[in-house]
Amino acid sequence: MSSSAAEEIGALVRDVAAASKIPAKSRAVSIKPTVATLASLAYENGLLPTELDELIDLLVTPSHLDQASLAALVRNLYPVARVSHHVAIRVIGALGHGKLKPSLNLQAALLKWLIMVHHVLETPAVLAQAYSVLFNLLDTATIRPNVCHLLALITRRKHVRPYRIQALLNLSRQTANDPYLIGLLRVFKDYYPEIILGELVRGKASAFKHPDASWKERLQEIQEAYALQADKGSRVALGGFQVNRPTGRAQGRRVVPTVHTSHVTEVNAVNSVTLEEVENVTSFVQNMDRIELPNQLVAVLADPLLQKLLLLRPNAEAYQRVANWLGSVLQNVLDGDADEATLWEVLDVVKDFVVQSKSVPPVLLSFFARFFQQWNGSGQRGYILQILSYTPLLDFHGKYLLAVPEYELYERILQPLELATLDNAPSSQVDMLALYTHILGHWTAILRSGDPIPAHANASLTALIRHTGKLSLALLQTSPTEPVNIAIIEFYEQAVRLVSDDALKYYIRIELPPSELIYIFLFSSSVATVSRLCDILACYKKGFEMAMSTKARNDGSNRIDALSYDRAYVNLYNGYLMDICNCFWRSRAFSDADTNSHGCMMPRPTISKLTSYVSSVDKTFSLPSMFSLSFSPVLCLQSIHSVRDLEDAAIGGDGSIRTRHAGPVTQTTLSKLAIAGGIQLSWQEYRIEVLRSLGEKHLGGIAELLKNTMTVLKNSMDATPRARAKMSS
């Protein structure tokens with residue numbers, strides 16, 4: 001909500017409040033246009049807590065506003081945040097009979113509003129505390145439907161008492177089996193099945209469906225927009241310490257049942273608690289050991305509170321029951337006994353469960369192994385990818401390690417998934433790349449939290465990284481864009497965490513990116529991509545050095561040592577470092593004369609033609625220098641900016657300089673600059689200054705790689721203070 005809208009709403013609320021104290025005939029102007037404007041703004045922007053409090057006070061106290069205006073205000077009470085318990089108490093206190101009470105029609109509207117904001121109450125327990133007050137209002141026919149609905153929402157086992165059951169039975173008989181009373185009685189019976197309702201259950205019971213679905217949708221939109229604007233997240237989330245309680249038709253449409261506990265009787269009620277009675281974290285903690293498991297344990301898939309309970313009180317039998325139910329439903333899908341809508345609804349629920357628990361039920365992986373053989377990739381593909389993001393750490397090309405049929409992770413699950421989803425479109429390849437990035441991150445988290453490191457961990461991670469490298473090369477051919485580069489770089493940054501982790505670096509082998517990918521990124525048009533690539537390679541250098549310094553073991557240990565890398569593999573890596581140093585520091589790009597250098601894997605005939613072309617354009621240029629700090633397409637701007645900063649500092653310090661460097665910078669131009677009255681800066685100081693300025697801009701990967709590769713440069717950067725531009729005399 002903008003500040004101007006908030007101010008306008010506040011002013012209108014004050015105008016309406018002032019007019020409510022004046023009889024209609026005594027007002028100078030009609031208040032109805034003001035009320036209409038306020039209602040419209042409240043619908044568009046919602047109401048801040050202060051304005052909501054003022055309007056509730058206006059509605060629950062006697063005033064001179066007409067009923068139409070009051071009803072319009074109630075219909076547009078859209079809170080932008082959670083509703084405080086003070087507001088709920090004032091609404092409840094305004095219910096009933098009396099001269100100072102609002103009209104019964106307005107009370108019904110306020111009760112309807114309380115039902116619609118029930119899920120965003122700051123303290124839901126406040127309604128339970130007023131249960132007796134609300135129950136005693138059931139004899140008022142005008143507000144009875146809404147009172148029954150609200151009681152159905154807040155009823156817990158502790159509220160179901162014999163005298164209340166008897167009162168409901170008597171009132172139901174007096175009102176010719178009012179359907180709303182019958183609906184509330186059935187809620188009571190859910191908690192105590194032994195209640196005998198007799199002929200009453202044959203009546204038409206209320207479904208207690210939401211009073212206004214469009215109002216609820218608008219409230220969600222307003223609260224989501226306000227939460228985003230306030231940087232609090234995109235959703236108004238529940239605390240997670242109450243069971244999900246859909247009512248009426250919404251409950252009937254759910255494939256996964258909701259939490260319901262009916263086998264707890266009055267005899268053992270003092271020694272046990274149901275999940276439905278838990279209202280907050282304090283109640284959950286205090287009663288954790290006494291909480292009874294619900295009838296349908298498969299409700300754990302969709303209920304956060306039951307998930308917390310089974311996480312803190314593991315129960316093998318409970319999880320087996322869940323697996324049996326899930327296996328039965330999924331088998332129906334494979335056999336054609338369940339439609340596609342059922343499959344996606346189940347997977348939608350399972351997806352949320354997997355994301356919360358960070359684990360995939362083995363029965364689900366077994367289902368995917370068979371389902372992918374006949375799936376064409378249509379439908380809610382995102383559900384499957386999110387679920388598989390938490391695939392357990394298995395042998396990538398080996399045998400399944402869980403107590404399920406032996407499958408090979410890639411051959412039986414991931415490869416069929418690729419065949420079903422990859423359609424030569426960049427979007428599908430990006431989806432698979434994101435999946436492998438998430439799997440790598442999940443496996444890394446498993447290894448960091450587990451002990452000991454599984455013997456197959458190194459082979460699985462190496463195979464995953466190697467396979468993703470091939471996918472990345474294919475993706476770079478179909479969509480050579482910067483977002484794709486970033487996605488690939490993020491995967492390898494995730495892989496670097498394996499090498500930089502203090503514990504994992506001794507067990508996980510370094511798997512280098514494909515050579516083609518390294519050089520594509522090295523000559524990228526983005527300095528950020530180049531810097532991140534260099535940072536990855538610099539981290540790998542530390543990993544190689546650690547392995548080379550570790551003595552070889554013959555005791556069957558799976559620790560990484562010098563024997564884990566053959567000489568050719570290390571030389572391949574050293575060649576990457578040499579090529580990068582030749583490009584950025586030595587002004588010898590594409591040279592293959594140095595030991596281990598690859599010449600950026602450019603064919604020599606191509607280099608000869610490029611060299612001739614550069615000379616034909618300008619004889620003062622040379623191909624090897626075109627990719628140095630001063631001339632590189634991605635670094636030339638950063639380089640000249642570092643010189644400009646030094647010149648600006650000189651102007652603001654000792655005085656003015658007679659000339660500025662025109663750029664690009666070379667060793668010769670720096671010498672001429674000093675003679676012409678510019679700053680005095682040596683070639684070494686200039687290059688070190690460029691690297692330092694890149695680091696200050698969070699582009700320090702290039703400097704990190706050069707320092708780790710060239711000891712002389714590291715010593716120079718450590719010993720050389722920050723360059724200070726000196727004026728020539």
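Biologist: Which are the buried residues of H9?
Modeller: Arg144, Asn146, Val147, Cys148, His149, Leu150, Leu151, Ala152, Leu153 and Ile154. Buried means under 20% relative accessible area, exposed over 50%, and partly exposed in between, with a 1.4 Å probe and protein chains only. Helices (H or I, at least four residues) and strands (E, at least two) are DSSP runs, numbered from the N terminus.

Biologist: How many of the residues of helix H9 is that?
Modeller: Ten of the eleven in residues 144-154 are buried, so helix H9 is largely enclosed by the rest of the structure.

Biologist: What covers the buried residues of H9?
Modeller: The cover includes helix H6 (104-116), helix H7 (125-129), helix H8 (131-135), helix H10 (162-174) and helix H11 (179-191). Contact here means heavy atoms within 4.5 Å.

Biologist: And what sort of model is this?
Modeller: This is a predicted model, where local features need pLDDT of at least 70, side-chain atom pairs count only at pLDDT 80 or more, and totals for chains, interfaces and linings use all residues. Residues are numbered from 1 along each chain as its sequence is written, and side-chain values use heavy atoms, with hydrogens and water left out.

Biologist: How many helices and strands does the protein chain have?
Modeller: The protein chain has 32 helices and four strands. Of its 729 residues, 48% are buried. Among contacts with a separation of 6 or more, 69% are between residues 24 or more positions apart.

Biologist: Salt bridges next. How many in the whole structure?
Modeller: The search finds 18. A salt bridge is a side-chain nitrogen of Lys or Arg within 4 Å of a carboxyl oxygen of Asp or Glu.

Biologist: Take Glu221 and Arg218. Where do they lie?
Modeller: Both are in helix H12 (residues 213-229), three residues apart, about one turn of the helix. An α-helix has 3.6 residues a turn, so residues three or four places apart point the same way.

Biologist: Is Arg218 buried or exposed?
Modeller: Arg218 counts as buried because its relative accessibility is 15%. Glu221, at 43%, counts as partly exposed.

Biologist: What does Lys351 form a salt bridge with?
Modeller: With Asp352, the closest N and O atoms being 3.7 Å apart. Lys351 is buried, with a relative accessible area of 12%, while Asp352 is partly exposed at 41%.

Biologist: And which parts of the chain do Arg448 and Asp501 link?
Modeller: The side chains of Arg448 and Asp501 meet in a salt bridge at 3.1 Å, N to O. This pair links distant parts of the chain, 53 residues apart: Arg448 is in helix H21 (residues 426-449), and Asp501 is in the loop between helix H23 (482-500) and helix H24 (515-522). Arg448 counts as exposed at 55%, and Asp501 as buried at 15%.

Biologist: Where is Ser526?
Modeller: Ser526 is in the loop between H24 and helix H25 (527-549), and counts as buried at 15%. Its contacts, leaving aside neighbours within four places in sequence, are Glu482 and Val634. The side chains of Ser526 and Glu482 make a polar contact at 3.4 Å.

Biologist: How many residues apart along the chain are Ser526 and Val634?
Modeller: They are 108 residues apart, and their C-alpha atoms are separated by 6.3 Å.

Key: Polar contact = N/O pair within 3.5 Å; in protein donor to acceptor, adjacent residues only side chain to side chain.
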